[in-house]
Amino acid sequence: MRRLAWTCGGFSGAIFLAHYLLPGKGLLVFALLAAALSVGFGLTGKETLRRAVLCCFGAALGFSWYAVALHQIAPLEAVPWEERTITACVKEYPRAYDDTVALTVRVTSKDLSGMTARLSDYDRTTGDLRPGDEITAKVKLRSGAVRYGKRTDAYLSRGILLSGYLRQAPVRTGVWSGRWIYFPQELTHAFVSRAESVFPGDVSAFAKALMLGEKQALYDDNLDIPLRSAGIMHAVAVSGMHLAFLLGFFRLVGGGGRRAALLTIPALAVFVLMAGASPSVVRAAIMASLFLLAPVFERETDPPTALAGALAVLLALNPFCAGSASLQLSFGALLGMLLVTGRLHQRWYSAVRIPDRKLLAPVKRVWRYLAATLATTVGAMLFTIPLSALRFGTVALAAPVTNLLILWLLPAAFIGCYAAVLLSFIVPALGAAAGWVTAWALRYVLLIAKALGGIRALQLSADDPRIAVWLAAVYGIFFLAWRWRRFQRWKYLAAAALSAALLVLAVSLTRAESLSTPRLSALDVGQGQCLVLCSGDQTVMVDCGGGAMNENAGDIAAQYLCAAQRGRVDTLFLTHPHEDHVNGVCRLLLQVPVERIIIPAAADPEGKELSRIIRTANECGVEVVRQSEDGDYVFGDLRAHLFVAVGREEEDGCMLLRISRGDYDTLITGDVTVSVENALAEQADLSDTELLIAGHHGSAHATGDTLLDALDAETAIISCGYNSYGHPAAETLSRLRAHEITIYRTDQDGTVTVRME
């Protein structure tokens with residue numbers, strides 16, 4: 001069995017290396033090199049090199065297979081980005097988001113036959129389509145390896161090879177004869193619809209996410225924020241944990257044996273398909289099936305072999321799922337549990353000696369359970385913490401405590417959700433009663449998540465290099481403690497104390513630097529604007545919105561503030577309530593305390609974005625000021641002068657700002673046009689301005705010569721991202737260069753930080 005593990009390990013390792021580190025054109029060379037090493041090790045005849053032979057052989061297969069996969073998708077790069085008509089079969093129910101509906105289809109047109117495409121429907125005309133419907137549609141398509149103008153594996157890791165959008169409403173032409181294979185999707189849709197009526201409104205979104213990974217409603221209700229901050233987002237990312245809950249329930253009801261195994265495997269398969277067949281849950285299903293089938297075929301069960309085999313099968317089916325965060329986290333969690341959970345459980349359980357007395361039997365069982373839960377949590381977090389830091393830039397210190405407090409209840413809540421929905425199909429009243437009971441378990445989990453996730457001191461950002469170094473140091477310290485044979489009883493306690501001391505030092509150094517370095521940062525929020533100004537203990541923001549990014553601007557801003565050890569925002573100025581300037585405000589308010597929001601009085605408070613901001617601000621206790629006249633605000637040594645009257649006639653009354661620290665002045669013009677800039681240059685002395693935030697993301701209709709002549713700017717920042725407007729315009733760039741102004745762009749330079757000195 002272990003021979004299979006070494007071969008599969010070499011295969012999987014080669015694919016990860018090819019995906020992240022090695023050039024695509026040289027993969028066959030690496031495959032030949034691995035094959036040569038395998039033959040060379042084999043010719044030595046040494047038994048000790050047998051594992052190296054198997055590993056190198058698997059690596060040769062992995063490099064070759066990834067090269068084949070790259071060759072297969074290479075023609076997609078040449079798919080013309082132009083309007084075309086395709087025929088396709090709908091694969092999933094359309095998913096509604098804030099600004100679009102996502103439709104996943106299998107293309108049946110001859111030139112692209114069999115490829116999966118993700119289509120955006122901005123006109124929301126596809127809501128009544130069902131899996132198996134055949135359609136004809138006018139679309140624009142491109143390779144799924146490109147999203148928002150950048151290379152990405154977000155689609156490829158899910159088997160989606162093409163992406164694009166609908167040019168007009170699709171025409172339904174019929175129903176595919178094999179529609180029956182979409183039965184799991186139909187079942188999922190029925191479960192999700194029924195869950196909305198079975199569970200109370202405050203937990204309905206959480207119930208759907210816990211059962212089937214349907215997280216859109218969770219994001220709509222902003223419940224992902226406390227779950228992520230508390231380190232338990234894995235509870236709604238359907239994975240091996242949920243499959244273990246289901247498997248445990250089947251074993252409890254049906255017992256063991258061959259018959260039970262053969263009945264359980266089809267049920268697991270249906271669940272996997274209902275949950276969307278993500279790489280993490282497929283990995284878990286393969287492993288569970290191997291464990292269930294081993295006794296049937298009278299074979300031994302070997303967890304490392306099962307784990308390596310499951311990963312190899314997934315990568316063989318789709319090599320690009322190596323880039324899937326869910327797969328990496330799921331694999332890392334299980335690997336950590338295999339390596340340390342058993343040992344930790346035995347060590348911790350035996351560390352507390354409870355006498356073998358009948359009265360103390362319940363205490364013994366409770367301690368055994370607590371030791372097992374804590375050991376499982378630590379094992380699962382062994383690799384998922386660095387993976388989360390690397391992939392998402394966050395470290396949730398609350399995770400161990402949160403998991404300890406909720407893991408004991410999650411299996412019952414998971415099974416309770418399914419029981420309530422199933423009962424509702426048979427006897428609606430019983431389903432509603434079961435849903436009411438289960439809702440209390442869900443409320444408990446959310447209560448713990450909100451309580452611990454709301455403690456900002458327990459949230460760290462790996463974007464802070466000191467935190468990244470600290471995290472690496474912690475692993476080094478505990479590795480040395482594990483290898484050190486002396487002081488067995490105290491060495492891990494000493495390692496924990498040293499890690500805590502280093503954390504305090506890292507946080508203190510970052511805080512001290514943040515307080516002593518006055519700066520303005522234009523955050524990379526895609527096509528939008530979000531500015532953060534820090535001086536002393538004062539924090540001021542101007543706008544918080546963006547687009548054409550995988551992350552919300554509010555989440556990006558909250559993580560930046562966390563990395564800078566900024567616990568609050570004194571004032572958030574909104575130049576105008578256009579989506580690309582404000583669509584992250586609500587998410588920011590839910591994560592960071594903001595004392596005050598200032599908006600131009602001419603902005604329509606009933607507009608979509610502004611009404612939502614005002615409502616969220618009221619819920620969070622944030623003061624909202626509608627600025628009707630020019631005015632000044634002082635924040636320590638920061639002084640903000642607002643130009644309101646000059647932009648009153650612009651759409652939504654765009655407000656301009658000049659923010660000064662000592663002799664260093666910054667001008668922020670929002671999205672005003674050249675005519676407003678000219679009026680500002682006539683009425684105000686702008687001659688000492690050092691930094692300009694270019695208007696309207698570098699549009700040709702802003703940042704005109706009159707304004708540039710009036711400034712003494714040395715630097716300009718253009719906050720922009722992937723867009724179809726042509727921002728920044730060549731004319732704007734030429735004007736800035738003609739005035740000898742140094743240009744920084746967030747689409748090319750990422751987050752731009754300027755010291756205000």
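**Group meeting talk: cores, a pocket and a helix face**

Let's start with one residue. Leaving out residues up to four places away in sequence, M115 touches L76, V105, R106, V107, L161 and L162. Contact here means heavy atoms within 4.5 Å.

A word on the source. This is a predicted model, where local features need pLDDT of at least 70, side-chain atom pairs count only at pLDDT 80 or more, and totals for chains, interfaces and linings use all residues. Residues are numbered from 1 along each chain as its sequence is written, and side-chain values use heavy atoms, with hydrogens and water left out.

Back to M115. Where does M115 lie? In the loop between β3 (101–107) and β4 (116–121). Strands are DSSP runs of E with at least two residues, helices are runs of H or I with at least four, and both are numbered from the N terminus. M115 has 19% relative accessibility, so it counts as buried. The terms are these: buried is under 20% relative accessible area, exposed is over 50%, and partly exposed is in between, with a 1.4 Å probe and protein chains only. M115 and I160 are 45 residues apart along the chain, yet their C-alpha atoms are separated by 7.5 Å.

Next, the cores. A nonpolar core is a set of buried Ala, Val, Leu, Ile, Met, Phe, Trp, Tyr and Cys residues joined through side-chain atoms within 4.5 Å. The largest one has 112 residues. Which of its residues touch the most other members? They are L141, L162, F199, L218, L227, L243 and L410. Helix α16 (residues 428–453) gives the most to this core, with 9 residues. Take L227 on its own. Setting aside neighbours within four places in sequence, L227 is in contact with F206, L218, I232, M233, V236, L446 and A449. There is also a second, separate core of 30 residues, and L523, V569, V582 and I599 are among them.

Now for empty space. Rolling a probe the size of a water molecule over the atoms shows where such space is left. A pocket is worked out on a 1 Å grid over the protein atoms alone: it is an open set of points where a 1.4 Å probe fits, with protein on both sides within 12 Å along at least five of seven lines, and lining residues have an atom within 4 Å of a point. The second largest pocket holds about 1,600 Å³ of space. Its lining has 32 residues, and the closest to its centre are L344, V378, L382, F478 and Y492. Which elements give two or more residues to that lining? They are α12 (325–351), α13 (361–392), β10 (394–396), α17 (465–483) and α18 (491–516). The largest share, 7 residues, comes from α17. By class, the lining has 27 nonpolar, 2 polar and 3 charged residues.

Two of those elements deserve a stop. In helix α12 we find H345. At 16% relative accessibility, H345 is buried. Beyond four places in sequence, H345 touches R368, A371, A372 and A375. In strand β10 we find V395. V395 is buried too, at 6% relative accessibility. Its contacts, leaving aside neighbours within four places in sequence, are I385, A389, L458, Q459, L460 and L471. V395 and D685 are 290 residues apart in sequence and 46 Å apart in space, C-alpha to C-alpha.

On to helix α25 (residues 730–738). Its buried residues are T732, L733, R735 and L736. The face turned away carries the exposed residues A730, R737 and A738. The buried residues of α25 pack against β22 (689–693), α24 (705–710), β23 (715–718) and β24 (742–745).

Last, some backbone angles. Most residues other than glycine have a negative phi, and most peptide bonds are trans. Just after α25, E740 takes a positive phi of about 55 degrees. In the loop between β22 and α24 sits H697, with a positive phi of about 60 degrees. H697 is buried, at 2% relative accessibility. The loop between β22 and α24 also holds T703, where phi is near 55 degrees. T703 is buried at 0% relative accessibility. Finally, a cis peptide bond joins H727 and P728, with omega about -5 degrees. P728 lies in the loop between β23 and α25.

How values were computed: Grid points are joined across faces, edges and corners, and a volume is the space filled by probe spheres set on the points. Ala, Val, Leu, Ile, Met, Phe, Trp, Tyr, Cys and Pro count as nonpolar, Asp, Glu, Lys and Arg as charged, and the others, Gly among them, as polar.
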